[in-house]
Amino acid sequence: MIQNPILRGFNPDPCICRAGDDYYIATSTFEWFPGVQIHHSKDLKNWRLLTRPLSRQSQLNMLGNPNSGGIWAPALSYHDGLFYLIYTDVKTWAVDEVFKDTHNYLVTAKNIEGPWSEPIYLNSSGFDPSLFHDDDGRKWFLNMVWDHRKGKNQFGGILLQEYSVTEQKLVGDIKNIFKGTELGVTEASHIYKVNDYYYLMTAEGGTSYEHAVTLARSKTLEGPYEVHPDNPLLTAWHHPDLPIQKSGHASWVQTPTDEWYLAHLCGRPLETRGRCNLGRETGIQKLRWDDDGWPRLATGGNYPQQEVPESSLTEHKFEPEATVEEFDSGELSVHWQTLRIPANNDWLKLDARPSHLRIHGQESLISRHTQSLIARRLQSHYAEAETCVEFSPESFQQMAGLAAYYDTGHWVYLCISQDETTGKSLNIMSYDARRYEEALDTPIALGDTTQIYLKVAFQHDTFQFYYATEKDKWQTIGKAYDAGLLSDDYCNGLSFTGTFI
């Protein structure tokens, strides 16, 4: 059986794509650099993080982007030996603001691992774009349209326009082909052609617990589209006790053995309909096609399963991932990301000292410009992360350490700094909805200790920091924190990512 979620930790908005015997899923990365995560599988069961294609600032310049701006809902496709990646760089958005500045681009590559081209600008009328390759060779661009006007549905429908490969731009008339169903919040459109029908898949209901997958079809590309008789195709909304929740935003793939699978967004709350500190993840469901020409979940019903029947493809396991990063390969592991800016030699060095990472400080943890921070996703409710730091601060404004980070307004930071009374010392800073606190009234003096060991341990709904001046002789520091404070749900829908360490 396939165990859900297949992509654990912050991996939302999956777009699944097949190229020969290989399967790829692209997911959103928002303000984290490089942009777009691409996972690889041979059997739809075992997956590995392979690459991030938007690795140059000429492809993705996020300096100053808001929290949860940047990359929304990338769409990956493969046609005639070329990979196409459509993505949005969101510059302005907020639930309480009228406009959204959402710029849509296209990059291409012959190899999934690159090099990827410079971006082609497409439009800025909305987000969640995708590209459909029709049988006749024509290509069609879709995105939801954002309508800011008073009295209008802000999710104004799905736009369709032709993309010209030779002119490298959108051409012809723009047509609104689908206004959505009563579920509302219509976005994340993909078109597929199966036999005589065009199938239009959208996400509806919003990206939280009401999330759903809607499917419609038409004999013509421009519609009109009739909605699936059992709409929605997938949702967990009426099943609050399921371990897999928030199911929606999907795409599908067909295997050479004519098996169909639906990759979809999901979340694992800490408690029933509670907070999802791991962020929005990716699950998969098997489909069947019925005599009426509509697909349905192979397991019956329309709710997500934690265990899913595997395909008849030959199982292909990958080597286990390393659990320790020694910083000795000359480049960062693919699991590391930075905030908004590339990891370059201006502030991060791997060759200054063998088996060490050297970071030069820049701006604070609340900056939306140049933070000196590298991080990786939290992927389990039970996890530990530790590191050894050598740092000699000369001022209270200099600090380095280990952070449990959600966004610029929500983090907890175990840091070494300098204090006029205690000298080199250790304390915990926290920022909760922009409320700043320090855990200790008096920082812990570290004296002339060179190597300081720092650790954070997640135990389901709490996390605790530790420190040591001798290896493995851990002491707790500060209180245990609520893990749910590092979640979309706690941030009142103002962020869409997940916990990073």
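Reader: What places proline 5 in a loop between β1 and β2?

Author: Strands are DSSP runs of E with at least two residues, and helices are runs of H or I with at least four residues, both numbered from the N terminus. Proline 5 lies in the loop between β1 (2-3) and β2 (15-19). The model is predicted: local features need pLDDT of at least 70, side-chain atom pairs count only at pLDDT 80 or more, and totals for chains, interfaces and linings use all residues. Residues are numbered from 1 along each chain as its sequence is written, and side-chain values use heavy atoms, with hydrogens and water left out.

Reader: Which value describes the cis peptide bond from asparagine 4 to proline 5?

Author: Its omega is near -5°. Asparagine 231 and proline 232 are also joined by a cis peptide bond, with omega about 5°. Proline 232 is found in the loop between β18 (226-227) and β19 (234-235).

Reader: Why is valine 36 called buried?

Author: Buried means under 20% relative accessible area, exposed means over 50%, and partly exposed lies in between (1.4 Å probe, protein chains only). Valine 36 has 0% relative accessibility, so this residue counts as buried. Valine 36 sits in the loop between β4 (32-33) and β5 (37-41), and its phi is near 75°, a positive value in a residue other than glycine.

Reader: What makes alanine 73 count as buried?

Author: The relative accessibility of alanine 73 is 3%, and therefore alanine 73 counts as buried. Alanine 73 belongs to strand β7 (residues 70-79). Although not a glycine, alanine 73 has a positive phi of about 45°.
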